[in-house]
Amino acid sequence: MMPVNPKTAAMSITKHFFLILGGIVMLLPFLWMVNTSLQQGGLGNYVEAWTKVPFGTYFLNTLFVTLLTVAGVLVTASLAAYSFATMKYRGRNFLFLLFLSTMMVPQPVYLAPSYVILAKLGWINTYMALIIPWTTNVFSIFLLRQHFKTIPRTLYEAAILDGCGRLKYLWKVVLPLSKPVIVTVILFNIIGSWNSFMWPLVVTHSENLRVLQVGLSYFNQEQSSNFELLMAASTFSTIPLVILFLFVQKRIVASYTRSGIKD
Amino acid sequence: MKIRTKLGPYFYILPALIVVLVFRTLPILSSFTASFTDYDIGGFHGFVGFANYARMLSDARFWQSVLNTVFFVLGVVPAGLLIPLFLAMLLRRKLAGKSFYRTIYFLPVVTSAVAISVVWTWLYNPEAGPINQIITALGGEPLLWLREPRGIFEMMLSPLGIHPKGVLAGPSLALVSLMIVSVWKSTGYNTVLFLAGLENIDESYYEAAKLDGAGVWGTFRHITWPLLSPTTYYVLIMSTIVSFKTFALVYVMTPPPGGGPLGTTNVMVFYLFQKAFDRFDIGYASAISVFLFLILLSLTIVQRRIAGKRVYYS
């Protein structure tokens, strides 16, 4: 044991004091949420909230949309990133800039014209509208491309000599070497899809197409004074992502940081 | 065979390209062209030049939304920078329970804005909400929170007999309540960014400072702050953009039609959403979108200009 320096000890206590204070501020709303959800009806509030409106349908919709979106992103983004990272072709840099430029424009800016496009396609109020526009993600392409570029080209040449095709090389060599980035991409898109609100609110109308966030928002308007039910619904809507987060906490935090500080 | 290799790369990029072109590039370009048209529930009625922009200039509700957005950004961005920076400074280096704190701070980041808004609506509830109960228990006056249209400066100064009006009255308490939630939700994310930035600073700088006898403040001012500037700059830009985009909090906590008490939480994205989807006034909504985009673009350019001189890249 190192001798305890009183100055360091005081410093450490002060640090923990502020950190605990911050932690309380962060946690308190969640504790109040759970606490209120168990008032009066107890666990019965959960049953009542769940059955009052079809939350089961909302959950399944969210799950379905999230799964297909993430699957779509994985396919389209790894193919595009692979071509950006390893192939030489006319217009490559232009296309890459075109992709990146769309990241500069926030979603609300092009929401109204998107609606018109979906209406022309006849996709308003369909799963297509919820899924297809989000089956690629430029940021994911960017992340994957950055990583694919670090894989030595000699590996590729060796594989080609062995008679390995380009697609097979992507599948057998590149993707297995990129697991951490792929996990980042998956987690990012799960969180994004699960929590997305403005888009599904706009492009669907019928109750059987509502995703969880939209359903919760309508439930909030309908039951605005029934706080026990509202808190029960908020709790069960939050739990899946909180569990996911607690399980892969390090990965998620690292993913956010990776996205934040680009080399 | 040769044709295959020539066209090959395009097959790889095609799926992503179609989605990007149809659902990003096309609507982005359309929002520019639509802003010069009369496009409503009845469809396209022709080009109208700058009429939508002229209408914006004389639309009091629009300017209210601009003012509210400016208030929101000016409140959220500095707070969302300083609090996380402080927490990250506490968390750096070896510290018992570091990952525990980080987990807790990060929880609001991964939770959906809708669920968070539902919870905070209850916390802020004037009649039965926990916040007012605590205030009353401590002997204070309960507040209306999300239903309070009065400006906070007006509320603070009126007991002194001063009654600021208009912009000087400040953002309404309702809008400030939304700002608090926004800062609360983003604190964990910004803290983690700052933490990563701090951990990138080479320890030798601090050892040198110690040898020179620099104090806590001197070390922060001359070492931490300049070396952290790329992170600070990134957090600044990101929080500005996120604040401008805020929608779910406003929509859920101060639901339509109003945009809060007396329209005091009516921010730009909320307003354009209403114009586009309640009135289906696509032309006018697009003009507002373009205006919003231009503000964001110029802010990014200005920030880059200023930061370009100050940011220190090691």
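Chain B of this predicted model is built from 13 helices and two strands.

## Chain B

Taken along the principal axes, the C-alpha atoms of chain B fill a box of roughly 75 × 70 × 35 Å. The chain has 314 residues, and 42% of them count as buried. If you take the contacts in chain B with a separation of 6 or more, residues 24 or more positions apart account for 69% of them.

Strand β1, residues 37–40 of chain B, pairs with strand β2, residues 43–47 of chain B, in the antiparallel sense, and three bridges hold the pairing in the bridge count. Two residues make up the hairpin that joins β1(B) to β2(B). One bridge can be named: B:Thr37 has B:Phe47 in β2(B) as its partner.

Which residues form the covered face of β1(B), and which the uncovered one? B:Thr37 and B:Tyr39 are on the covered face, whereas B:Asp38 and B:Asp40 are on the uncovered face. As background, side chains in a regular strand alternate between the two faces of the sheet.

Among the helices of chain B, α4 covers residues 98–110. Several residues of α4(B) are buried, including B:Tyr101, B:Arg102, B:Tyr105 and B:Phe106. Further along α4(B), B:Leu107, B:Pro108, B:Val109 and B:Val110 are among the buried residues too.

## Chain A

Chain A has 14 helices and zero strands. Its C-alpha atoms fill a box of roughly 70 × 70 × 35 Å along the principal axes. Of the 263 residues in chain A, 41% are buried. For contacts in chain A between residues at least 6 apart in sequence, 82% join residues at least 24 apart.

How does the radius of gyration of chain A stand against that of a compact globule of 263 residues, and what are the two values? Chain A has 23 Å, but such a globule would have a value near 18 Å.

| Residue | C-beta atoms within 10 Å | Class |
|---|---|---|
| A:Gln40 | 11 other C-beta atoms | exposed |
| A:Glu48 | 15 other C-beta atoms | partly exposed |
| A:Asn125 | 16 C-beta neighbours | partly exposed |
| A:Val248 | 15 C-beta neighbours | partly exposed |

A:Gln40 sits in the loop between α1 (6–37) and α2 of chain A. Although A:Gln40 is not a glycine, its phi is positive, at about 50 degrees. Why does A:Gln40 count as exposed? It has 11 other C-beta atoms within 10 Å, and a residue is exposed if that number is 12 or fewer.

A:Asn125 belongs to the loop between α5 (111–121) and α6 (127–131) of chain A. Phi of A:Asn125 is also a positive value in a residue other than glycine, near 65 degrees.

A:Glu48 lies in helix α2 of chain A, which runs over residues 44–52. In sequence A:Glu48 and A:Glu228 are 180 residues apart, yet their C-alpha atoms are 9.9 Å apart in space. Which residues is A:Glu48 in contact with, leaving aside its neighbours within four places in sequence? They are A:Gly41 and A:Leu229.

A:Val248 is found in the loop between α13 (227–247) and α14 (249–260) of chain A. From A:Val248 to A:Leu187 there are 61 residues in sequence and 9.1 Å in space, C-alpha to C-alpha.

## Where the chains meet

How many residues does each chain bring to the contact? Chain B brings 68 residues and chain A brings 68 residues. On the side of chain B that touches chain A, helix α1 (residues 2–34) of chain B gives the most, with 20 residues. By class, this side of chain B has 54 nonpolar, eleven polar and three charged residues.

Definitions and conventions: Residues numbered from 1 in each chain as written. Chains lettered and ligands numbered in written order. Predicted model: local features only at pLDDT ≥ 70, side-chain atom pairs only at ≥ 80, totals over all residues. Helix = DSSP H or I, 4+ residues; strand = E, 2+ residues; numbered from the N terminus. Buried ≥ 20, exposed ≤ 12 C-beta atoms within 10 Å, placed from the backbone. Expected span 1.5 Å × (residues − 1). Contact = placed C-beta atoms within 7 Å. Nonpolar A, V, L, I, M, F, W, Y, C, P; charged D, E, K, R; others polar. Pairing = 2+ DSSP bridges. Rg over C-alpha atoms; globule rule 2.2 N^0.38 Å.
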